[in-house]
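Trainee: Could you walk me through reading a few features of a model like this one?
Mentor: Gladly, let's look at it together.

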Amino acid sequence: MNQENTLTKSSLLKTEDWWAVWLGGLVFFLGLGQLFGGDLLGWAVKTNVWLSITKSMAPLSKTYAFLPGWASLLLTFLFFLVTTSIGAACMGWNLKRFVVGFTIIFALAYGSFILGSYGYLAATKDQYAKLNINWSVGLTPEGGFIIALIVGLLIGNFWTGLAKFLEEAARPELYIKTGIVILGATLGIKALGSVNLASTVIIRGLCAIVEAYLIYWPVVYFISRKWFKMTPEWAAPLASGISICGVAAAIATGGAIRSRPQIPIILSSVIIVFVAVELLFLPWLAQSILYNQPMVAGSWMGLAVKSDGGAVASGAITEGLIRAKALAVNGVKWEPGWILTVTTVTKVFIDIFIGIWAFILAVVWSVFGINKKGQEKGSKVTKGEIWERFPKFVLGYAATFLILLLIGLAAPHLTKAATAAADQANGLRGIYFTLTFFSIGLITNVRKLWAEGMGRIVTVYAVCLFGFILWVGLLISWIFYHGIMPPIVTG
């Protein structure tokens, strides 16, 4: 078969990557209304730490203070429903099932986040007086992400009929990539406030992932081939999935080496399960051992958790947990956003390299004929392969970052408005993250995985992940970020 015919041609309106750019870009540009004295996004809902449910929601902006919280939530839901449904229709999804499924998912996910913001669960020490309480579990509102994940897991594993019904709208990659596009604006604001620290994060993040690539992939490939006797067709996508970036890397590698289509699909199921496992314990481990090294913790999440959704989500939880513990134990209040920024920058660089790595593997497999029996050998690698494999949402992340950075540099008097714009956009970014957590849980069917007899794949994954990937990732993060601290909030 001609290689050109086997590649799926990307379209500006046909892929999740591009729709992440359009959806995230829309939120970002609505937020930019602040630069012109407008407030185009302030009607959206924000979630407060609460003791009385009537005070749990409010509009993002005081301009819309006349709106009750429930009305702001309704407007936010309608905005999400309409914009994502347009994307679903363009991508050829079942629109009716998507609309119904998204409505249910939004309600359950946002309800989980509201529960996670309950004062005795979420409040940090500096909020005790305001809430008139003297103790809290201290999970911060990001604890709502974990509740959303657990609710999704329960439905995905015990109410499989409902999970099947909702699967058309359970799109964690779309939701997290959209959130990452919006998150680029935060990096732009951080860079304006601390150019040296932002450049340090970018440079060290690039160095860290290059080093991780050179260690992770060959070791996992060797273990798969030597110890577990896997064929190259299985070992290469598995090595990419475990060592690089989960589902996306496994699929890209499978396509590059022309493996059978079912192989990356099977591997993706295993990866998703382990991402859910990591989300349930890794942020708390980071809080326990790294609350005095927050940037190390952020990098570790980016290197250790093997999906965009899982990594960035774990970074968000880790930031909340570590900031809360540092405040409680050391009395230090770190500026929010930096830990998550390190995680995101690390993950974005990893995503950029997926395309390059897939291209390299395609060349190696083609030149050396490392193919399964009956597969065409010596097939040429097309010039467009890198672009086909390149994660397009990264362009959106870079664009929102550069736009806010350039605005601040060219017009310093607009920095305050630019910060307000990023803050408003981040309000909706949090909802995209919540949808991601719930969707990850919903599609993680542990019982089905074991029923399909994937014991050897699971064993390889567990041996590699817990045997060395987590700890090598921690070591690399320590080497590049040890002693680097976020700015401290004063006053």
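**A buried threonine, a helix and a patch**

Mentor: Threonine 400 has a relative accessible area of 3%, so this residue counts as buried, the cut-off being under 20%. Keep in mind that this is a predicted model.

Trainee: Where does threonine 400 lie, and what is it in contact with beyond its neighbours within four places in sequence?

Mentor: Threonine 400 belongs to helix α17, residues 393-410. Setting those sequence neighbours aside, its contacts are Phe28, Val181, Gly184 and Ala185.

Trainee: How do I check the length of helix α4?

Mentor: Compare an expected span with the distance between the ends. Helix α4 runs over residues 95-116, and at 1.5 Å a residue its 22 residues should span 32 Å; the end C-alpha atoms are 31 Å apart, which agrees. The buried residues of α4 include Phe98, Phe102 and Ile105.

Trainee: Is phenylalanine 158 buried or exposed?

Mentor: Phenylalanine 158 is exposed, because its relative accessible area of 58% is over the 50% cut-off. This residue is found in helix α7 and is part of a nonpolar surface patch whose members, among them Val100, Trp159 and Leu280, together have about 730 Å² of accessible area.

Trainee: Which helix gives the most to the nonpolar patch?

Mentor: That is α7, with 3 residues. Both α7 (143-158) and α8 (160-166) supply at least two residues each.

Notes. Residues numbered from 1 in each chain as written. Predicted model: local features only at pLDDT ≥ 70, side-chain atom pairs only at ≥ 80, totals over all residues. Heavy atoms only, no water. Patch = residues over 30% accessible without salt bridge, like charges linked within 9 Å, V, L, I, M, F, W, Y side chains within 5 Å. Areas by Shrake-Rupley, 256 points an atom, 1.4 Å probe, with all protein chains shown as cover. Salt bridge = Lys/Arg side-chain N within 4 Å of Asp/Glu carboxyl O. Buried < 20%, exposed > 50% of the residue type's maximum accessible area, 1.4 Å probe, protein only. Expected span 1.5 Å × (residues − 1). Contact = heavy atoms within 4.5 Å.
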